[in-house]
Amino acid sequence: MIELKGRKIILGVTGGVAAYKAAELTRQMVKAGASVHVVLTEGGAHFVTPVTFQALSGHPVWTDLWDPRMGNNMAHIDLTRDADCIIVAPATADVMARLVQGRCDDLLTTLCLARDCSLLVAPAMNRQMWQHPATQRNVAQLVADGVTVLGPDAGEQACGEVGMGRMLEPEVLCEAVISHLENKRLAGRKVVLTAGPTFEAIDPVRGITNSSSGKMGYALARACAQAGAEVVLVSGPVAMPVPYGVERISVHSALAMRDAVMSVVDDADVFIGVAAVADYRPAEAAEHKIKKSGEVMQITLTPNPDILAEVAARPNPPFCVGFAAESRDLDTYAEGKRKNKRLPMVVGNLVQDGLGQDDNEVVIYDAAGRHPVPRAAKHNLARSIVKHLAELLAAR
Ligand code: PMT
């Protein structure tokens with residue numbers, strides 16, 4: 001994942017025990033391609049030393065408003081001039097109060113006041129401090145001032161109490177930063193997707209399924225959310241975490257997937273069928289586990305509804321995107337599916353190596369022809385697909 005490639009991010013670390021998680025956040029943002037520059041307050045340095053952040057970020061750490069290392073001695077101005085955003089994590093109750101007041105009593109608050117980039121804060125504090133009316137007033141004021149407040153979460157706290165005030169986990173914060181900086185090409189749009197396999201029961205313990213991992217569908221759901229869409233993901237049985245900012249409805253069978261899609265698709269702008277939906281299901285699932293008899297066993301299969309075709313045939317259909325997994329003649333079959341189901345766009349992929357890979361190469365088919373997308377990680381393919389569909393949607 002290199003979704004922060006070319007981005008410069010200032011990470012402000014203030015004096016809370018969650019400062020140790022800021023080290024992992026630094027690592028995650030660097031791994032995602034960002035150039036991370038850490039500004040540590042005096043309080044933050046009580047919890048984690050500058051050496052840790054310097055080793056993880058590969059850049060000198062800034063702690064002092066009067067640091068002479070910057071040529072013009074104006075770190076508070078120069079550090080943010082080419083930055084894409086500042087994220088303060090953890091943000092104590094004190095730093096939020098000082099940001100609200102526009103105070104400049106250390107390098108971090110001065111930087112925040114002098115910035116010309118966006119500011120995100122991830123509060124972390126004891127639950128009573130979080131609930132205090134003064135903190136709540138400050139949070140409301142920060143939001144009114146255009147600051148993005150991430151979290152906090154509820155749960156067990158370092159002080160032993162339980163409640164709101166835990167800092168969001170580093171991976172969630174990294175996702176939030178990626179999302180924050182992404183082009184909002186699907187802002188105001190609702191996207192419904194299907195992902196994963198379906199499971200068609202034979203009896204209470206057996207069924208027919210396939211090896212779709214859900215990786216492509218989940219990557220697309222994530223990319224749509226990062227592009228600003230409201231996203232509902234109707235997912236077959238897979239072992240994947242719900243992407244940040246996505247609502248998931250979990251189902252097993254094709255019939256349940258169809259019902260779930262129909263319950264949420266009325267006001268959708270886009271429908272994307274990524275799921276490998278079983279074309280057939282056992283005509284009748286046995287009520288009890290079928291016992292071995294030694295005889296040849298026959299299962300009668302009956303066709304499942306075609307969810308994508310049904311959505312595309314609605315009077316005012318959303319922009320429908322189909323997927324086609326083929327082992328040969330991709331152009332013929334994928335373009336055939338696009339025309340038969342009257343879809344504006346189909347994503348075709350060759351799957352000789354089976355499903356479930358982390359990367360793939362695809363061809364996008366639309367009214368203008370075929371558009372190959374070279375082999376890449378599914379996260380990156382998803383971004384290319386979203387860009388393509390957003391352009392077609394805008395031109396509609
Ligand atoms: O999950 P991964 O391991 O990452 O793998 C991703 C994938 C290979 C499953 C995905 O990229 C893909 O190609 N999905 C479509 C699989 C396929 O070929 O489906 P199909 O040819 O049976 O159907 C064509 C389209 O109609 C698809 O958009 C499908 O979701 C939809 N469909 C099909 C049957 C059905 N009953 N209802 C449907 O909505």
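**View 1. Salt bridge between Glu-169 and Lys-21.** In this predicted model, a salt bridge (a side-chain nitrogen of Lys or Arg within 4 Å of a carboxyl oxygen of Asp or Glu) joins the side chains of Glu-169 and Lys-21, with an N to O distance of 3.1 Å. The two partners are 148 residues apart: Glu-169 sits in the loop between strand S7 (162-166) and helix H9 (170-181), and Lys-21 belongs to helix H1 (residues 19-31). Helices (H or I, at least four residues) and strands (E, at least two) are DSSP runs numbered from the N terminus. Lys-21 has 10% relative accessibility and therefore counts as buried, whereas Glu-169, at 28%, counts as partly exposed. Buried means under 20% relative accessible area, exposed over 50%, and partly exposed in between (1.4 Å probe, protein chains only). Residues are numbered from 1 along each chain as its sequence is written, local features need pLDDT of at least 70, and side-chain atom pairs count only at pLDDT 80 or more. Totals for chains, interfaces and linings use all residues, while side-chain values use heavy atoms, with hydrogens and water left out.

View 2. Arg-69 and Asp-67 meet through their side chains in a salt bridge of 2.5 Å, N to O. Asp-67 is buried, with a relative accessible area of 7%; Arg-69 is partly exposed, at 45%. A salt bridge of 2.7 Å, N to O, also forms between the side chains of Asp-105 and Arg-103. Asp-105 is partly exposed at 38%, and Arg-103 is partly exposed at 39%. Through shared partners, salt bridges join Asp-94, Arg-98, Arg-103, Asp-105 and Asp-106 into one network. The structure holds 30 salt bridges.

View 3. The domain assignment, automatic or from a database, gives domain 1 (8-181) and domain 2 (190-395). Their centres, taken over C-alpha atoms, are separated by 39 Å. Six residues from domain 1 and four residues from domain 2 take part in the contact, where contact means heavy atoms within 4.5 Å. Between them the domains bury about 490 Å², 51% of it on carbon and sulfur atoms; buried area is the accessible area (1.4 Å probe) that two parts lose on being put together, summed over both. Glu-175, Ile-178 and Ser-179 lose the most area on the side of domain 1, together 76% of what that side buries. One salt bridge is found across the interface. Arg-222 forms a salt bridge with Glu-175, their closest N and O atoms being 2.7 Å apart.

**View 4. Asn-360 in strand S18.** Asn-360 lies in strand S18 (residues 359-366) and counts as buried at 8% relative accessibility. Its side chain makes a polar contact of 3.2 Å with the side chain of Asn-349. A polar contact is a pair of N or O atoms within 3.5 Å; within protein, one must be able to donate a hydrogen and the other to accept it, and residues adjacent in sequence count only if both atoms are side-chain atoms. Leaving aside neighbours within four places in sequence, the residues in contact with Asn-360 include Leu-350, Pro-374, Arg-375 and Leu-381.

**View 5. Helix H11 and its surroundings.** Helix H11 (residues 254-264) has Ala-254, Met-257, Ala-260, Val-261, Met-262 and Val-264 buried. Among the elements that the buried residues of H11 pack against are strand S8 (190-195), strand S11 (230-235) and helix H12 (307-312).
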